[in-house]
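Subject: Structure handover

Hi there,

Here is the structure I promised to pass on. Please have a look at it first, and then read my notes below.

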Amino acid sequence: MSLTNLEIAELLALSGEAAEGHRSKAYGRASRAALLWDAEAADVVAAGEPASSLEALGDRLGARVEGWLQDPPEIEGSPPEKRSGFSTYAKALSELGDDPDWTHPEGDLQMHTTYSDGQASVKEMALTAANMGRSYVAITDHSQSLKIVRGMDEAKLARQGEEIARTNAELEEGGVDFRVLRAIEMDLTPSGEGDMDPAALEDLDLVLGSFHSQLRGTEDQTDRYLAAIQNTHINVIAHPRGRKWNLRGGLHADWPRVFEAAAEHDVALEINAYPHRQDLQPELLPAAQEAGIRISIGTDAHDPSELRFLPVGLAAARAAGIPRDRILNFMPREALLAWAAG
Ligand SMILES: [Zn+2]
């Protein structure tokens, strides 16, 4: 019996907790990287490649992982909440295989550019997504109250809108059937209010709202979600729980009640496909399916290479039986725009 990348990520995280200083940090980095590897480490090693060829494993951690693969250690108990309910990129790829129904999404609905904390321009993100076969992306840079990620105020959002219009015109001239949607990831206060002038939001194609503060409490946060769902400017609640691999478990709520309200107000909830987020996470999706809510999938990419992670969200939705017609990413762009404007 061999180890999956998820088990290796858990072993690396546990080793990081037992180590100190830079060694602990190296284990933490490797644990995070294991969720992103595009092949199972066991298959890489079985094919004769060293484990050190995998991202973030140097020679020392590579040897450690090879030792675990040869003689898998017992992992006692279940992982803590900050590491439970995760899958991996390699697993998502193998689950989706070449299923034609699930490997050709129209769009990717969350990503960042140099207008906030992303590494690439609007055009670089657009061209990479177009080359992957997408027909649209939503550019969702952060809003102004998130100073730490250089969030946009209304004036910067307007400048970005001009750049998006230029990019769309260039793509059209070049005969590329692709469109960049104007969107934002608007920060929401714990009482569900946004931080942008509603007039500035009127010009956008899609508005994501998300919580970035007070994410560590353990008490029930149902009211926070109900308030956000009733905020009429919001189309999608992004990374609803705010959880992150090996960092925090995320917010708690009465999820069936939240899903019922989302269905009633026709607000979509996101499956954030970035492997360190996976939020909503797989085990909440059957209840989301039952409530019939719309789902939005976004890679939350901060550079072009991270656009590859959409399958993590697609595999989770497919496994939960969410019909494709409830997933925004499969809507033709005109239908998506009409829904968001409605
Ligand atoms: Zn965010």
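Let me begin with the metal site: Glu185 (OE), His212 (NE2) and His239 (NE2) coordinate the zinc ion at 2.0 to 2.3 Å. Donors here are N, O and S atoms within 2.8 Å of the metal (3.2 Å for Na, K and Ca), and water is not among the atoms, so sites may look incomplete. Along the sequence, the donor residues of the zinc ion follow the spacing E-x26-H-x26-H. Glutamate 185 belongs to strand β3 (residues 179-188), while histidine 212 is in the loop between β4 (206-211) and α9 (222-230); the pair is 27 residues apart and links distant parts of the chain. Helices (H or I, at least four residues) and strands (E, at least two) are DSSP runs, numbered from the N terminus.

Some bookkeeping before you go further. This is a predicted model, in which local features need pLDDT of at least 70 and side-chain atom pairs count only at pLDDT 80 or more, whereas totals for chains, interfaces and linings use all residues. Residues are numbered from 1 along each chain as its sequence is written, and side-chain values use heavy atoms, with hydrogens and water left out.

Now the domains. The chain is divided into domain 1 (5-77) and domain 2 (99-341), with bounds from an automatic or database domain assignment. Their C-alpha centres lie 31 Å apart. Nine residues from domain 1 and eight residues from domain 2 take part in the contact (heavy atoms within 4.5 Å).

Between them the two domains bury about 710 Å², 65% of it on carbon and sulfur atoms; buried area is the accessible area (1.4 Å probe) that two parts lose on being put together, summed over both. In domain 1, Arg32, Leu35 and Leu36 lose the most area to domain 2, together 67% of what that side buries.

What is the count of salt bridges between domain 1 and domain 2? It is zero, taking a salt bridge as a side-chain nitrogen of Lys or Arg within 4 Å of a carboxyl oxygen of Asp or Glu. By this rule the structure's count comes to 11 salt bridges. One of them joins lysine 91 to glutamate 95, with the closest N and O atoms 3.4 Å apart. Lysine 91 and glutamate 95 are separated by about one helical turn, because they are four residues apart in helix α5 (residues 89-96).

Two backbone details may interest you. The peptide bond from aspartate 279 to leucine 280 is cis, with omega near 5°, and leucine 280 sits in the loop between β6 (268-272) and α11 (285-291). Glutamine 214, in the loop between β4 and α9, has a positive phi near 50°. Most residues other than glycine have a negative phi, and most peptide bonds are trans.

Best wishes
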